[in-house]
Amino acid sequence: MSKYMINTWEPETPAFWQNTGRSTANRNLWISIPALALAFAVWMVWSVVVVKLPAIGFKYSTNQLFWLTALPGLSGATLRIFYSFMVPIFGGRKWTTISTASLLIPAIGIGFAVQDTSTGYPTMLILALLCGFGGGNFASSMANISFFFPKAQKGYALGMNAGLGNLGVSAVQFVVPLVITMGVFGTIGGDGQTIGKLGQTSTLWLQNAGFIWVPFIAISSLLAWFGMNDLASAKASFAEQAVIFKRKHNWLMCWLYTGTFGSFIGYSAAFPLLMKTQFPDVNPLQYAFLGPLVGALARVVGGIISDKLGGARVTFWTFIFMIAAVLGVLHFAPHDGVAGNFTGFFWMFMALFAGTGVGNASTFRMIPVIFLTEHQRAAAGKPQAVQEQAVVDANKEGAAVLGFTSAMAAYGAFFIPKSYGTSIAMTGSPDTALWCFIGFYMSCIAITWWCYARKGAAMPC
């Protein structure tokens, strides 16, 4: 038996948690967080790269650039469906190591591809799809961490893992604009690209957008292999986990989490290019990282608040807040040839990012509570062994649902950029897409209130 395998894990038992559980859980959490941050960075790297491709000589249309921004979301979301079930099959330690190391493929590939302007668009599309490895990691990471913590601290643990992990989106949009201005890796990293603007020339090393993550990915993979654990109680076959597809609450939470995380990752992917198309005189890379930063930090706060107030109540009011923020974006955006107000547009988006972050945490707080309550209700009044098994089964189902809902929600990273691109191509503005988002949020409010938040709801959480 591997020394990294833990055979007895009882986080709901106070003595066990205080003596050994807490320290082990926290160690796994703090190794998981940077690995997840790197996954998000690789997943979202195209959101920054596309802004600079035309400057170094790549002749792509606006719609083609939006495709490069959107495709990592498509592949990442699809991979999440499979990644959702990997931790109980392979073990959290092994799968975290494998999935983190896989990020080396797109990171290195992008570094070489952007150095040659003759690189074909299909190659770029393939690299964009490969960045989906980073998107897939979230599902397995969240499922893994959910096993380690007791019910009372799941909101905190999942909020920390996801919130600080989400900082990878902000990091890529902050770090890449800096590192592409210098030859970080010397001659090993390749020559820079000369660009000209308003009679002045400068040099970019756009390959650093990929290469800069390589050493950190290697270190994080080693930390996961030597520092994390596998839990015997988390073991389950795909068939055992597939029961979630029969659970009504799995599908309802997919819808709600798409409204929160799907919005966060979709807005993050499209924000730089949207700013560039709506306010051409603004340098989007000066501001783009702030949206994901606000959303990620809000997620940490949202997890703590949701543990105290309840996930459903926080989710309900968050969707109302998000609708107000989208209406603000619409108000300040350019319309019918009239210039918009960038300051108002920017701050409305910051409010929107904050809402997505809080909602990310509150919806994820709801999931384990829903499934634990459902199983405990079914086991009420039965022998102690049955009640204990109900908790184990609830944790397995809850972890699978966490992963699967994150997979469905991740399609937001594809649909939001693509919706902007289609709306702009058809109407000349992103307004139609934004109104569609408002309609979707209204449906989320109705589901949250009726199923989870109202007095007398069948599953209050």
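## Reading the terms

Tutor: Start with Pro 272. Beyond its neighbours within four places in sequence, Pro 272 is in contact with Ser 47, Val 51, Gln 173, Pro 284, Leu 285 and Ala 288. Keep in mind that this is a predicted model.

Student: What makes these residues contacts of Pro 272?
Tutor: The cut-off is heavy atoms within 4.5 Å. Ser 47 and Gln 173 are among the residues that meet it with Pro 272.

Student: Where does Pro 272 lie, and why is it called buried or exposed?
Tutor: Pro 272 lies in helix H13. Its relative accessible area is 0%. Buried means under 20%, so Pro 272 counts as buried.

Student: How far is Pro 272 from Phe 289?
Tutor: The two are 17 residues apart along the chain. Their C-alpha atoms are separated by 8.7 Å.

Student: What makes Asp 230 and Arg 93 a salt bridge?
Tutor: A Lys or Arg side-chain nitrogen must be within 4 Å of an Asp or Glu carboxyl oxygen. For Asp 230 and Arg 93 the N to O distance is 3.9 Å. The pair therefore meets the definition. Asp 230 is in strand E4 (residues 230-231) and Arg 93 in helix H5 (residues 92-101), so the bridge ties together parts 137 residues apart in sequence. Both Asp 230 and Arg 93 are buried.

Student: How do you know that Asp 230 and Lys 94 also form a salt bridge?
Tutor: Same test. The N to O distance between Asp 230 and Lys 94 is 3.0 Å, and the cut-off is within 4 Å. Lys 94 lies in helix H5 and Asp 230 in strand E4, so this pair ties together parts 136 residues apart in sequence.

Student: Are Asp 230 and Lys 94 buried or partly exposed?
Tutor: Asp 230 has 1% relative accessibility, so it counts as buried. Lys 94 has 29%, so it counts as partly exposed.

Student: Which residues are linked in a network of salt bridges?
Tutor: Arg 93, Lys 94 and Asp 230. Asp 230 meets Arg 93, and Asp 230 meets Lys 94.

Student: What makes Arg 247 and Glu 397 a salt bridge?
Tutor: Their N to O distance is 2.9 Å. The cut-off is within 4 Å. Arg 247 sits in the loop between helix H12 (238-241) and helix H13 (248-278), while Glu 397 is in helix H17 (residues 384-409), 150 residues apart. Arg 247 has a relative accessible area of 26%, so it is partly exposed. Glu 397, at 8%, counts as buried.

Student: How many salt bridges does the structure hold, and how many are between domain 1 and domain 2?
Tutor: The structure holds four. Between domain 1 and domain 2 the count is zero.

Student: What are the bounds of the domains?
Tutor: The domain assignment gives domain 1 as 1-235 and domain 2 as 236-460. Their centres, taken over C-alpha atoms, are 20 Å apart.

Student: How do you know that domain 1 and domain 2 are in contact?
Tutor: Contact needs heavy atoms within 4.5 Å. By that test, 53 residues of domain 1 are in contact with 54 residues of domain 2. The two domains bury about 4,500 Å² between them, with 75% of it on carbon and sulfur atoms.

Student: Why is Ile 89 called partly exposed?
Tutor: Its relative accessibility is 35%. That falls between 20% and 50%, so Ile 89 is partly exposed. Ile 89 is in helix H4, residues 86-90.

Student: Which residues form a nonpolar patch on the surface?
Tutor: Ile 89, Phe 90, Phe 238, Phe 245 and Trp 251. Together they have about 460 Å² of accessible area.

Key:
Residues numbered from 1 in each chain as written. Predicted model: local features only at pLDDT ≥ 70, side-chain atom pairs only at ≥ 80, totals over all residues. Heavy atoms only, no water. Patch = residues over 30% accessible without salt bridge, like charges linked within 9 Å, V, L, I, M, F, W, Y side chains within 5 Å. Areas by Shrake-Rupley, 256 points an atom, 1.4 Å probe, with all protein chains shown as cover. Helix = DSSP H or I, 4+ residues; strand = E, 2+ residues; numbered from the N terminus. Buried < 20%, exposed > 50% of the residue type's maximum accessible area, 1.4 Å probe, protein only. Domains from an automatic or database assignment. Buried area = accessible area lost by both parts, 1.4 Å probe.
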